[in-house]
Amino acid sequence: MNEAKKAIFNDMTVVLLMGKKIPVDNIYAINQTGEIIWRIGDIIKLPKPEAYVALSKISSREIRVISSSGILYVIDVFAKKIVSKQIVK
């Protein structure tokens, strides 16, 4: 069974897709008509794709995500940029 966690903003929803096998780059921002605005890989540039295991909304513009390797990122969803990064594992 697939699961999705989401953070809802005025004109977009950010979704974390989960399942038995966690896909890589599994966070998407979707507008009200269902179109993908951005993928997490567009913001967090890594040498290889990574899976994300947690998503939470922390303000009217920011989310917190945690990668499977244990890095916590705070992201401004409108500016599409990393606000902070911290190793949590």
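Where does glutamate 50 lie? Glutamate 50 is found in the loop between α1 and β5. The model discussed here is a predicted one.

**Overall fold**

- The protein contains 1 helix and 8 strands, and along the sequence these follow the pattern β-β-β-β-α-β-β-β-β.
- The radius of gyration is 12 Å, close to the 12 Å given by the globule rule for 89 residues, so the protein is as compact as a globular protein of that length.
- Taken along the principal axes, the C-alpha atoms fill a box of roughly 35 × 30 × 20 Å.
- Of the 89 residues, 34% count as buried.
- Among contacts between residues at least 6 apart in sequence, 31% join residues at least 24 apart.

**The largest nonpolar core**

- The largest nonpolar core has 20 residues, of which Val14, Trp38, Ile63 and Val65 touch the most other members.
- At least two residues of this core come from each of β2 (12-18), β3 (27-31), α1 (40-43), β5 (52-57), β6 (62-67) and β7 (71-76).
- Strand β2 provides the largest share of the core, with 4 residues.
- Apart from its neighbours within four places in sequence, tryptophan 38 is in contact with Met12, Val14, Ile27, Tyr28, Ala29, Ile43, Ile63, Val77 and Lys80.

**Glutamate 50**

- Glutamate 50 is buried yet has no salt bridge; lysine 48, the nearest side chain of opposite charge, is 7.4 Å away.
- The side chain of glutamate 50 does make polar contacts with two serine side chains: that of serine 68 at 3.3 Å and that of serine 69 at 2.7 Å.
- Leaving aside neighbours within four places in sequence, the residues in contact with glutamate 50 are Val24, Asp25, Asn26, Ser67, Ser68 and Ser69.

**Alanine 51**

- Alanine 51 is likewise placed in the loop between α1 and β5.
- Alanine 51 counts as buried because its relative accessibility is 11%, and buried means under 20%.
- Not counting residues up to four places away in sequence, alanine 51 touches Ile22, Pro23, Val24, Asp25, Asn26, Ser67 and Ser68.
- Between the C-alpha atoms of alanine 51 and isoleucine 40, which are 11 residues apart along the chain, the separation is 9.7 Å.

Conventions:
Residues are numbered from 1 along each chain as its sequence is written. This is a predicted model: local features need pLDDT of at least 70, side-chain atom pairs count only at pLDDT 80 or more; totals for chains, interfaces and linings use all residues. Side-chain values use heavy atoms; hydrogens and water are left out. A nonpolar core is a set of buried Ala, Val, Leu, Ile, Met, Phe, Trp, Tyr and Cys residues joined through side-chain atoms within 4.5 Å. Buried means under 20% relative accessible area, exposed over 50%, partly exposed in between (1.4 Å probe, protein chains only). Contact means heavy atoms within 4.5 Å. Lys and Arg count as positive and Asp and Glu as negative; His and the chain ends are not counted. A salt bridge is a side-chain nitrogen of Lys or Arg within 4 Å of a carboxyl oxygen of Asp or Glu. A polar contact is a pair of N or O atoms within 3.5 Å; within protein, one must be able to donate a hydrogen and the other to accept it, and residues adjacent in sequence count only if both atoms are side-chain atoms. The radius of gyration is taken over C-alpha atoms; the globule rule is 2.2 Å times the number of residues to the power 0.38.
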